[in-house]
Amino acid sequence: MHNRNLIYDGTFDGFLSTVFYVFEQQLDAVTIQSESGVQHIMFSENETIVTDELKANRVWKGLNNKMSKSGHYQLYYAFLSEQAGVENLLLDYIRYVFSTDLKVDKDFSHPSVLKIVQIAKMVGREKHRMEAFVRFRLTKDAIYFASIEPDFNVLPLISKHFKRRYADQKWLIYDIKRQYGLFYDLQKVDIIAMEFPSNFDFTKTNTDYFDQQEFEFQKLWQDYFKSTNIESRKNMKLHIRHVPKRYWKYLSEKQPY
Amino acid sequence: MSFERTQEKLKILADAAKYDVSCSSSGSQRTNKNKGLGDATGMGICHSYTEDGRCVSLLKILLTNYCIFDCAYCVTRKSNDIKRAAFKVQEVVDLTINFYRRNYIEGLFLSSGIFKSADYTMERLVAVAKKLRLEENFNGYIHLKSIPGASDELMREAGLYADRLSVNIEIPTASGLKKLAPDKKREDFIKPMVKVKNEIIQYKSEKKIIKNTPKYAPAGQSTQMIIGASGENDFQIMQTSNHFYNTYNLKRVYYSGYVPISYDNRLPQIGSAVPMMRENRLYQTDWLMRFYGFDVSEILNEKHQNLDLDVDPKLSWALRNLHEFPVDVNTADKRMLARIPGLGMKSVYKILNARRFRRLNWEHLKKIGIALNRAQYFMLCDSNQFERRDLSPEKIKGLILQNSTSKYRSTLSNQLSLFG
């Protein structure tokens, strides 16, 4: 029998709809791919799956009944890693979950569970890092603006944190890599697409766009960062392990003074 | 606020505050109220790390570095010839709010040199916290220093606005304190600590009856000891620490390796190394006491007054107690699993869960992420391969060290590297 290559729209609902289809049709030899990253697979036929929210919800609810809360989260976290082939790892895992009456999400020596737990952990770490490393800069139109380039698609995971914390200021967090952002308008958080001027440099704080105060507070923060260091305990290896270099370009304290 | 003046003050007063190591911003349950600013629920966040690898979570500053005391170990001591400065209440409020809005910090850690009197100083610290809470509707984290000798009334008020309160006992023994800080008395440190402890107990019991009892220092209190300034051994230090945990219900005791800042001949001289390694071993011991079910006397006692520097304290304990091993990971209880060198509490959790599904072998354990280099000599699993030789403690220690690259080996070794 031919291998079936199922193509979905890249959304989580799309993925869950695909899982629904796999179980409904009792398919065995399948691969699942997002439409943005389709690679042709030899001796297999492509089939596009239409996203269906109702079906997706049924799968999600079904999983919820068979897993602990943390296991349920981990599935979504792992999905947001966007790692090549993660859909197939998730499918293996989901098959294992539905194959038994036990709650298996803590079966840490099972290869599928272990793999998903590990990926979810990486995504969780990135989420936590973004909660820490986002640096807002006050724009002339009184919006606190931050740009990020996370390894994984963590914006959906950090929305609640920032909404709760910065309830009284307008803010916008923009993912440069995935070209979308979260905008809070004092009422609700919206997912938005944005156009930037062609000469806009995300790493620079330019007087054309940013509030005068912004420069002073960045300086004060840089001063603070330097003064609070203890030179005789210097340990750059540890420093870099905590703040990997790829994040430096968006950290105010790491900008040229 | 005038930018240049604030900048100058910030440099001086952040520099003076950096020897306080506490940077914790977790353990409070303060939620955002009325669409205000900030939220201090859930876990703490380290927003950055300094080049010495320490977490930056709070804006940690002194209100002033003017001080009437002359404690030898302290950089702001009266006799030290340094620049002095003092923040106004409003300046601290503005810095905190603006740093917080930019997501630089979780909140404020405010300490102070003691000017005029203990109460005069404490009153000002409280004024900052009060203004942040009541005028700015700030719900971020606030850590205030309890000033030794402050009155009960002020400590009561402080706890209503702060998430955490701390008073540093600094020197682990009363005799060391007498030598290095003759104007200070142990009792002065203890007094605010007792008040805060009692207030927390009262708050917790009242809250059971009246749900909206105003919060009192929800993240508890902590203290700090300087390590390596006054000649105490590890046994004395951890006994003191244990005493403070038990007697005053502290959330944390911090250990701060002494950074030489003075030519005073009662202290290690400028240029001598900061005892970072020893500090690390003390923290490990502290964790063993608080999370791993060890009693401090198992690790440090009359016979073992100092921690080994080349191996961690749990391994060191295991090597002295080989009769307790090997432990079978498929049957042992949580308490014994936690005692196996190389197993952290997360590994223990994973093992306890994973073994409900199948018996675990070396391959499983390795994949789960256990440090087998240390653990293998102390455990059995579902395999007929295990350490059969009757190895002496010295031999095991040698084998483990041989196969590991200790982060501290370079600082321990005085040997010349011939082929390096």
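## Contacts and overall build of chain A

Two residues are in contact if their C-beta atoms, placed from the backbone, lie within 7 Å. By that rule, residues 24 or more positions apart account for 69% of the contacts in chain A with a separation of 6 or more. The model is predicted, with local features requiring pLDDT of at least 70 and side-chain atom pairs counted only at pLDDT 80 or more, while totals for chains, interfaces and linings use all residues. Residues are numbered from 1 along each chain as its sequence is written, and chains are lettered from A and ligands numbered from 1 in the order in which they are written.

Chain A has eight helices and eight strands; these are DSSP runs numbered from the N terminus, with helices being H or I of at least four residues and strands being E of at least two. Along the principal axes, the C-alpha atoms of chain A fill a box of roughly 65 × 45 × 40 Å. Of the 257 residues in chain A, 34% are buried. Here a residue is buried if 20 or more other C-beta atoms lie within 10 Å of its own, exposed if 12 or fewer, and partly exposed in between, with C-beta atoms placed from the backbone.

## Confidence

Among the elements of chain A, strand 6 has the highest mean pLDDT (98), and strand 3 (residues 44-48) has the lowest (87).

## Helix 1 of chain A

Helix 1 of chain A (residues 12-24) contains 13 residues and reaches 18 Å from its first C-alpha to its last, close to the 18 Å expected at 1.5 Å a residue. That expected span is 1.5 Å times one less than the number of residues. Its buried residues include A:Gly14, A:Leu16, A:Val19 and A:Tyr21. The cover over the buried residues of this helix includes strand 1 (3-8), strand 2 (30-34), helix 2 (53-66), helix 3 (69-80) and helix 4 (86-98) of chain A. Just after the helix, A:Gln26 takes a positive phi of about 50°.

A:Phe15 sits in helix 1 of chain A and counts as buried because it has 25 C-beta neighbours inside 10 Å. Leaving out residues up to four places away in sequence, A:Phe15 touches A:Tyr8, A:Phe79 and A:Glu87. From A:Phe15 to A:Thr139, 124 residues apart along the chain, the C-alpha atoms are separated by 38 Å.

## The nonpolar core

A nonpolar core is a set of buried Ala, Val, Leu, Ile, Met, Phe, Trp, Tyr and Cys residues joined through C-beta atoms within 7 Å. The largest one has 165 residues, and A:Ile173, B:Ala129 and B:Ala158 touch the most other members. Helix 5 of chain A (residues 111-133) gives this core its largest share, nine residues. Not counting residues up to four places away in sequence, the contacts of A:Ile173 include A:Val134, A:Ile148, A:Phe162 and A:Leu182.

## Loops worth a look

Most residues other than glycine have a negative phi, and most peptide bonds are trans. In the loop between strand 6 (171-175) and strand 7 (180-184) of chain A lies A:Gln179, whose phi is positive, near 55°. A:Gln179 is exposed because 10 other C-beta atoms lie within 10 Å. A:Leu186 also has a positive phi, near 85°, and lies in the loop between strand 7 and strand 8 (189-192) of chain A. With 11 C-beta neighbours inside 10 Å, A:Leu186 counts as exposed.

In chain B, the peptide bond from B:Phe325 to B:Pro326 is cis, with omega near 0°. B:Pro326 is in the loop between helix 10 (313-320) and strand 9 (327-328) of chain B.

## Where the chains meet

How many residues does each chain bring to the contact? Chain B contributes 45 and chain A contributes 40. On the chain B side, helix 1 of chain B supplies the largest share, seven residues. By class, that side has 19 nonpolar, 13 polar and 13 charged residues; Ala, Val, Leu, Ile, Met, Phe, Trp, Tyr, Cys and Pro count as nonpolar, Asp, Glu, Lys and Arg as charged, and the others, Gly among them, as polar.

Terms used
pLDDT = per-residue confidence, 0-100.
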